[in-house]
Amino acid sequence: MAAVSACGNDVPPGAVAKVGDETITQDEFDKWVETAVKSQAQGATAVVPDPPDYKKCVAAKQKAPAPSGQKKQTDAALEKQCKTEYTTLKREVMQFLIQSEWVTQEADKRNITVSDKAVKKSFEDQKKQAFPTDKAYKSFLKTSGMTEADILFRVKLSQLQEKLTKNVTEDAKQVSTADVSDYYDKNKKRFAQPERRDLLIVLTKTEAKAQAAKNAIESGQPWKTVAKQYSIDQASKAQGGKLAAVAKGQQDKAFEDAVFAASKGEVDGPVKTQFGWYVFEVQKITPASQQSLDQSRDTIKNLLRSQRQQKALDAFIKDFREEYKDKTDCSDDYRVAECKNAPKDETNTGASQSNQPNQQQPSEPSSTAPTPQN
């Protein structure tokens, strides 16, 4: 892929972007594009889209057999496909490289480091999980287009990202006893359990069948047998007629009123509802309960900690993106949303959250940004 010189900004020749004083070279960009294409090809012949005329890309698509029943596409249509593929690849790779530089520079500013030893250990652990043999690992390197150095780079980024997130959210972890008590007092209902009733039920389409089912139960037939014969409610029928932990607000009102007015151990009904006729028996009553402050303390503390960490992280990411976008210049042909000189129709600088490097089946380079840590 031919290098494109920068125009109208501070990006030096032979580079595609500049973040502060650091440059992202054309060679880096080309390498990661090729890696992405090879990864997507899954071992097949990989052809990198070649702007501006995409001759190699079109030629490769011409050789590929057309799907059954479809005509071969024209060169113009294939060129359009190649252009779309390249545009997507360019955006993804530029996002990855730019945001990788953002994270690296921010970590350096905060004196956050990861040792080569820690990176290597994490890599070896993941390698053992992903590949049963060294041969399988070497085969992956061959088909993916990635080198071990590329994978180590991704692992290092991931560890920097984790440490950066921890650094940003460290102060937000502090939750006082007063904070917990205040939250509990304002949200007591959240820690209450309503009265619940375990039932045996039979639901029928007609009152006559419901009465027949009730008669059968009162004559001594097991609920399981009666439910199997009469009930149209498949879920409870499969459980021998059992309907557990019914609370107010969950059932048809007529049925609910009857259930919560009934005494334990009595066969009631038939009750007419919009679904049919119910015959039921209350098997167990679990009284309403209120969890105490002491019982709720750990739950509340974890909730408040998580909320505050997320708030701190959201605030940091907003400032982080604005700061680094403002110091990111891109070559004219490589402008994406993360660039200060981004195209007008690309205003979203939101970074997709990266995962731990997937060494078994990596796709195109993912972007990297701090992620919440609990």
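A residue is called buried when its relative accessible area is under 20%, exposed when that area is over 50%, and partly exposed in between, as computed with a 1.4 Å probe on protein chains only. The structure is a predicted model, in which local features need pLDDT of at least 70 and side-chain atom pairs count only at pLDDT 80 or more, while totals for chains, interfaces and linings use all residues. Residues are numbered from 1 along each chain as its sequence is written, and side-chain values use heavy atoms, with hydrogens and water left out.

Charged pairs are described first. Side chains of opposite charge can pair when their charged atoms come close. With a salt bridge taken as a side-chain nitrogen of Lys or Arg within 4 Å of a carboxyl oxygen of Asp or Glu, the count comes to 19 salt bridges. Asp329 pairs in this way with Lys340, their closest N and O atoms being 3.9 Å apart. Asp329 is buried, with a relative accessible area of 11%, whereas Lys340, at 45%, is partly exposed. Salt bridges that share partners also join Glu106, Lys109, Arg110, Glu323 and Lys327 into one network.

Another salt bridge is formed by Lys120 and Glu148, with the closest N and O atoms 3.2 Å apart. This pair links distant parts of the chain, since Lys120 lies in helix 4 (residues 116-130) and Glu148 in helix 6 (residues 148-169), 28 residues apart. Lys120 counts as partly exposed at 34% relative accessibility, and Glu148 counts as partly exposed at 27%. In the salt bridge between Lys253 and Asp257, the closest N and O atoms are 2.8 Å apart. Because Lys253 and Asp257 are four residues apart in helix 11 (residues 253-261), about one helical turn separates them. Lys253 is exposed, at 58% relative accessibility, while Asp257 is partly exposed, at 38%.

Disulfides form a further topic. A disulfide is a covalent bond between the sulfur atoms of two cysteines. With the term applied to a pair of cysteine sulfur atoms within 2.5 Å, a search of the whole structure finds two disulfides. One of them joins Cys57 to Cys82, with an S to S distance of 2.1 Å. Cys330 and Cys339 are joined by a disulfide with an S to S distance of 2.0 Å, which is left-handed because the torsion about its S-S bond is about -80 degrees. Cys330 is buried, with a relative accessible area of 0%, and Cys339 is likewise buried, with a relative accessible area of 0%. When the bonded cysteines of the protein chain are numbered in sequence order, the pairing is 1-2, 3-4.

Val11 is found in the segment before strand 1 (15-19), and at 5% relative accessibility Val11 counts as buried. Val11 and Thr25 are 14 residues apart in sequence and, from C-alpha to C-alpha, 9.6 Å apart in space.

How values were computed. Helix = DSSP H or I, 4+ residues; strand = E, 2+ residues; numbered from the N terminus.
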